[in-house]
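Subject: The two-chain model, handed over

Hi,

Here is the model I promised you. Please have a look at it first, and then read on for what I found in it.

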Amino acid sequence: MVAIFWRTIKDRLTSLIIFVVIGAFLVWLYASMFPGIQSQGAKLQELMDAYPPELMKAFGIESPGLAFSKFENFLAMEQYSFTWPILVISLLVGWGGAAIAGEVEKGTIELLLSQPISRTKIFFGKYLSGLFALAVFVLVSVYIAVPLAAAYGFDYSLSNYHKMALVGFLFGWSILSLAMFASTLFAEKGRVYFVSISIILGMYVLNLVANLKDNFGDLKYFSFFHYFDANAALMDNRVDSLTLLVFGSTIILFTALGGLCFAKRDIST
Amino acid sequence: MKTIVIKDLKKNYGKVAAVNGVSLEIERGEVFGFLGPNGAGKTTTIRCLLDFIRPTSGSITIMGKDSVSQSVDVKREVGYLSGDVRLYGNWTGADHINLVKKLRGCATDASKLIDRLNFNVKVRAKNLSSGNKQKLGLILALAHRPKVIILDEPTVGLDPLLQNTVYDLLLEAKKEGATIFMSSHYLHEVELACDRVGIIKNGAMVEIDTINNIKNKRLYKVKASFNQPVEVDLGETVTVTKTGENMIEAHVRGDINPLVKKLGHYDLKDLEIERASLEDIFMEFYRKD
């Protein structure tokens with residue numbers, strides 16, 4: 001299992017580095033923009049006040065004025081509520097799709113299956129490598145904000161970043177579990193990407209609709225994006241227990257299903 | 001001692017039976033050739049042996065261990081090579097060898113095979129020719145000196161020189177006591193390497209015997225030409241393979257005398273009778289219902 005773990009990391013190291021660099025670069029970009037944005041805060045707030053409050057809420061901007069008062073608030077709304085989830089989803093759906101379905105598609109799974117190693121170990125070797133990649137990405141792309149805040153002279157609270165890292169890691173772990181499960185069902189990584197992205201997009205739309213229309217408010221409970229609340233984590237230093245429960249259950253369910261499906265399925269390349 | 005025992009193996013894909021009741025036993029140190037036309041169930045059987053796919057019913061034991069529930073133990077003793085070996089394009093040969101070494105967790109000696117096959121381990125797999133890919137596949141399959149070697153059309157697309165190297169390696173493994181299960185389309189390869197063969201057709205075994213016994217089965221090729229057009233009834237033991245205005249070609253099973261007597265009633269111009277080749281015999285198996 002350890003050999004498969006390290007080999008997978010090595011194979012996808014370039015991709016991981018690219019994602020980490022983009023994640024860090026975006027935080028640096030927002031840090032460099034923030035002083036200018038903050039000085040124009042009053043004008044920007046006036047502009048944002050012109051938008052319907054439902055629309056702002058739908059896109060996770062519940063108190064626009066707050067966005068320009070603190071660097072953490074600005075990051076929560078601009079980076080961690082929008083671009084950061086896109087990066088995490090792209091990284092982990094790609095990782096999950098290549099892990100099993102990609103190997104079946106290329107036929108290289110035969111090399112692994114013909115060795116004296118159980119399918120469970122193959123699955124978890126790949127799975128843990130994805131988890132390692134997620135951990136590296138979260139650590140760099142979240143905590144890079146701390147030295148940047150210090151360098152630019154912004155106020156910051158380290159515990160808020162801990163909460164952001166926690167909720168981001170759980171969100172990413174859920175995405176990885178879902179993608180790994182899909183990967184055990186299909187023989188082509190393209191299908192894994194399609195199914196996983198469709199589910200995630202569906203959840204995004206559910207959350208959007210729930211925020212726009214009060215009648216459909218309960219739909220938000222079926223969306224990861226409701227539980228992945230960067231504003232609560234980074235602005236309020238808060239992670240709800242329901243978030244922990246939902247992400248925890250999702251991770252356990254899809255990990256168990258993925259491991260079981262891979263152990264049981266026929267593999268024809 | 002029986003090394004491989006397959007009992008009433010069935011594998012269905014929905015309503016389609018890919019393998020339908022295959023049973024066979026292979027002795028320790030034996031080289032067993034597994035023959036059949038495309039789609040007969042050879043690869044499905046091999047995939048069941050290696051636990052890539054699970055039987056619908058029936059059982060497989062390799063060295064006394066169940067191929068499904070004791071799959072990991074079984075694979076410690078097995079080396080597998082496919083004719084279409086799939087490799088990681090960006091890895092070098094050394095990367096592949098190192099991974100297999102780590103996964104096997106035992107001493108593997110690939111260096112002798114690397115030297116013997118004159119293989120460059122530093123080249124990435126995507127830059128290897130098909131022959132060199134197959135060399136790497138051989139190294140990965142044989143470096144740990146397996147007691148059971150399973151090969152799925154191992155010499156497809158190889159030049160004759162490399163084919164001979166493969167046969168030499170297999171025969172050396174056999175001398176060391178390895179049991180070899182090999183599917184193939186090449187009859188000369190089967191004749192050269194195998195002690196016994198099994199012929200599979202439509203998912204079921206139609207013959208299991210030694211090469212010599214199969215060759216000794218009385219099958220003849222008969223070519224008769226006549227001085228004028230004739231209509232001949234040659235009986236049930238004769239399979240007509242070709243007819244012309246004044247000639248007929250046929251395969252004859254069993255005693256040749258009744259046919260010769262029948263032909264004697266016609267105005268024969270020429271008559272050729274020869275013992276059928278191994279290829280003709282296999283074609284006969286493939287053809288017959």
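In chain B, four strands form an open sheet in the order β12-β13-β11-β14, with antiparallel pairing. Strands here are DSSP runs of E with at least two residues, helices are runs of H or I with at least four residues, and both are numbered from the N terminus. Two strands pair if DSSP finds at least two bridges between them. The edges are held by β12 (238-243) and β14 (268-275) of chain B, each with a single partner strand, so one side of each is left without a neighbour in the sheet. On average, neighbouring strands of this sheet are turned by 20° against each other, direction ignored. Seven bridges link strand β11 (residues 219-226) of chain B with strand β13 (residues 247-253) of chain B in the antiparallel sense, and B:Ser225 stands opposite B:Met247 of β13(B).

Before going further, a word on the source: this is a predicted model, in which local features need pLDDT of at least 70 and side-chain atom pairs count only at pLDDT 80 or more, while totals for chains, interfaces and linings use all residues. Residues are numbered from 1 along each chain as its sequence is written, and chains are lettered from A and ligands numbered from 1 in the order in which they are written.

Next, strand β8 (residues 179-184) of chain B. Six of its six residues are buried, so β8(B) is largely enclosed by the rest of the structure. (A residue is buried if 20 or more other C-beta atoms, placed from the backbone, lie within 10 Å of its own, exposed if 12 or fewer, and partly exposed in between.) B:Thr179, B:Phe181 and B:Ser183 point one way, and B:Ile180, B:Met182 and B:Ser184 the other. In a regular strand, side chains alternate between the two faces of the sheet.

β8(B) pairs in the parallel sense with strand β3 (residues 31-35) of chain B over five bridges, and B:Gly33 has B:Met182 as its bridge partner. Strand β7 (residues 148-152) of chain B also runs parallel to β8(B), joined by five bridges, with B:Leu151 opposite B:Met182. From β7(B) the chain crosses through helix α6 (residues 160-175) of chain B to β8(B) in a right-handed β-α-β crossover (with the strands pointing away from the viewer, the path from the first strand over the helix to the second runs clockwise).

Leaving aside neighbours within four places in sequence, B:Phe285 is in contact (C-beta atoms, placed from the backbone, within 7 Å) with B:Ile199, B:Lys201, B:Val206 and B:Glu207. B:Val206 is 79 residues away from B:Phe285 in sequence, but 7.5 Å away in space, C-alpha to C-alpha.

Finally, the two chains meet: 18 residues of chain B are in contact with 17 residues of chain A. On the chain B side, α2 (71-76), β6 (78-82) and α3 (93-104) are the elements that give two or more residues, and α3(B) gives the most, with five. The residues on this side divide into 10 nonpolar, one polar and seven charged (Ala, Val, Leu, Ile, Met, Phe, Trp, Tyr, Cys and Pro count as nonpolar, Asp, Glu, Lys and Arg as charged, and the others, Gly among them, as polar).

Best wishes

Technical notes: Axes are lines fitted to C-alpha atoms, for helices over the stretch in contact, and angles run from 0 to 180 degrees between N-to-C directions.
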